[in-house]
Amino acid sequence: MTDQTFKLNSGQQIPALGLGTWQSPAGQVKAAVAYALQNGYKLVDCAYCYGNEDEVGEGLKEAFAAGVKREDVFVVTKVWATYTTRVQLGLEKSLKSLGLDYVDLLLVHWPLLMNPEGNDDKFPKLPDGSRDIIRSYNHVDGWKQMEAALATGKTKAIGVSNYSKRYLEQLLPHATVVPAVNQIENHPALPQQEIVDLCKEKGIHIMAYSPLGSTGGPLFTAEPVVKIAEKHGATAAAVLLSYHIPRGSTVLAKSVTPERIEANKKLLKLDDEDMKLLNDYSDALTKDGKLQRFVYPPFGVDFGFPDKS
């Protein structure tokens, strides 16, 4: 399943499956990236904020030395919230760490600005310990910087991450370039269908992060997931990763062990009956107000997500 791709509004083909690197343990990222790219993976998802792009860069270098071609690898990075008014500087820092001349996709990590002159490069804080956020910042203005970064050729496409329907509706009327991608937390316990539907309508591709919810979390024992796994003779993780392909989305699978990296490649062909079970489960959680979001940093900002607004 590592060969399947989707077409972006930029004209690029983006792989259906990618290797995620968020929270991957230090010292294990280089080997994971090198192994994945030499064993069929063609997308690596990174971010300046993850603090491991130097290691990702070493993994890329090792893979390229082993014969993997740069043009066959889709590299994604993200501009962190302290750099949303300094997008080109943020991109340059990532490129330097990654050892690349360009990335295939550059995303706005979160639609806010943390103080670029604060007391920390990534997580500046106020004296009371809360995040040092510039409240007057408008994310629509930040998109102009993304468009300028695209014009340099140092990224082949630009997109957003963690954008709600409300934030997209604020952005799109002012965008010269429509985002190619919106990367969001996505799984049956958080389908974010209102975002997925709007993105489909506007030609914006969804990339799903945290597709398993949380490690050992409730999704692994959810009745429909267990039932579908038994039917296919597969693991719950395989079901949760495969859920995104019929939805037309790219899914990010995070692992640093060769066994798991291999296992995550074995996506299932879920049929209409399987998808109905999962969609019914999502609908029931939505109706009962029991959706579960596992990733929500304490920014103290209303990003417009219905379960958090």
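Colleague: Which residue follows α1, and what is its phi?

Modeller: This is a predicted model, and in it α1 is followed by G40, whose phi is positive, near 100°. As a general point, most residues other than glycine have a negative phi.

Colleague: Where does a residue other than glycine have a positive phi?

Modeller: Q23 is a case, with phi near 60°. Q23 sits in the loop between β3 and α1. S210 is another such residue, with phi near 50°, and S210 belongs to the loop between β9 and α7 (223-232).

Colleague: Is Q23 buried or exposed? And S210, buried or exposed?

Modeller: Q23 has a relative accessibility of 54%, so Q23 counts as exposed. S210 has 16%, so S210 counts as buried. The cut-offs behind these words are under 20% for buried and over 50% for exposed.

Colleague: Back to the helix. Which residues of α1 are buried?

Modeller: In α1, residues 29-38, the buried ones are V29, A32, V33, A34, A36 and L37. Their cover includes β3 (17-20), β4 (43-45), α2 and α9 (258-265).

Colleague: How should I read the packing of two helices, and which case shows it here?

Modeller: Two packed helices are described by the angle between their axes and the distance between the axes. Here, take helix α2 (residues 53-65) and helix α3 (residues 87-98): their axes come within 7 Å and cross at roughly 45°. That angle makes α2 oblique to α3.

Colleague: Which residues make the contact between α2 and α3?

Modeller: From α2 they are E53, D54, V56, G57 and L60, and from α3 they are S94, S97 and L98. Sorted by class, this contact has three nonpolar, three polar and two charged residues.

Colleague: Now the sheet. What is the order of its strands, and how do they pair?

Modeller: In general, strands of a sheet pair through backbone hydrogen bonds, either parallel or antiparallel. In this model eight strands form a closed barrel in the order β3-β4-β5-β6-β7-β8-β9-β10, with parallel pairing. On average, and ignoring direction, neighbouring strands of the sheet are turned by 30° against each other.

Colleague: Which way do the side chains of β9 point?

Modeller: In a regular strand the side chains alternate between the two faces of the sheet. In β9, H205, M207 and Y209 point one way, while I206 and A208 point the other way. As for cover, five of the five residues of β9 are buried.

Colleague: Which residues touch the most other members of the largest nonpolar core?

Modeller: The core has 98 residues, and those with the most contacts to other members are L60, L105, L106, L112, L168 and F299. Helix α8 (residues 236-242) gives the most to this core, with six residues. For L106, contacts beyond four places in sequence are T77, K78, V79, V87, L91, M146, A149, T155, A157, I158 and G159.

Colleague: What does L278 touch, and is L278 buried or exposed?

Modeller: L278 lies in helix α10. Its relative accessibility is 0%, so L278 counts as buried. Leaving out residues up to four places away in sequence, L278 touches P188, P224, V225, I228, V239, Y243 and L270. L278 and A31 are 247 residues apart along the chain, and their C-alpha atoms are separated by 34 Å.

Colleague: Where is K290, and is K290 buried or exposed?

Modeller: K290 is in the segment after α10 (272-287). With a relative accessible area of 54%, K290 is exposed. From C-alpha to C-alpha, K290 and G142 are 33 Å apart in space, and they are 148 residues apart in sequence.

Terms used
Residues are numbered from 1 along each chain as its sequence is written. This is a predicted model: local features need pLDDT of at least 70, side-chain atom pairs count only at pLDDT 80 or more; totals for chains, interfaces and linings use all residues. Side-chain values use heavy atoms; hydrogens and water are left out. A nonpolar core is a set of buried Ala, Val, Leu, Ile, Met, Phe, Trp, Tyr and Cys residues joined through side-chain atoms within 4.5 Å. Buried means under 20% relative accessible area, exposed over 50%, partly exposed in between (1.4 Å probe, protein chains only). Helices (H or I, at least four residues) and strands (E, at least two) are DSSP runs, numbered from the N terminus. Contact means heavy atoms within 4.5 Å. Two strands pair if DSSP finds at least two bridges between them. Axes are lines fitted to C-alpha atoms, for helices over the stretch in contact, and angles run from 0 to 180 degrees between N-to-C directions. Angles under 35 degrees count as roughly parallel, over 145 as roughly antiparallel, 65 to 115 as roughly perpendicular and the rest as oblique. Ala, Val, Leu, Ile, Met, Phe, Trp, Tyr, Cys and Pro count as nonpolar, Asp, Glu, Lys and Arg as charged, and the others, Gly among them, as polar.
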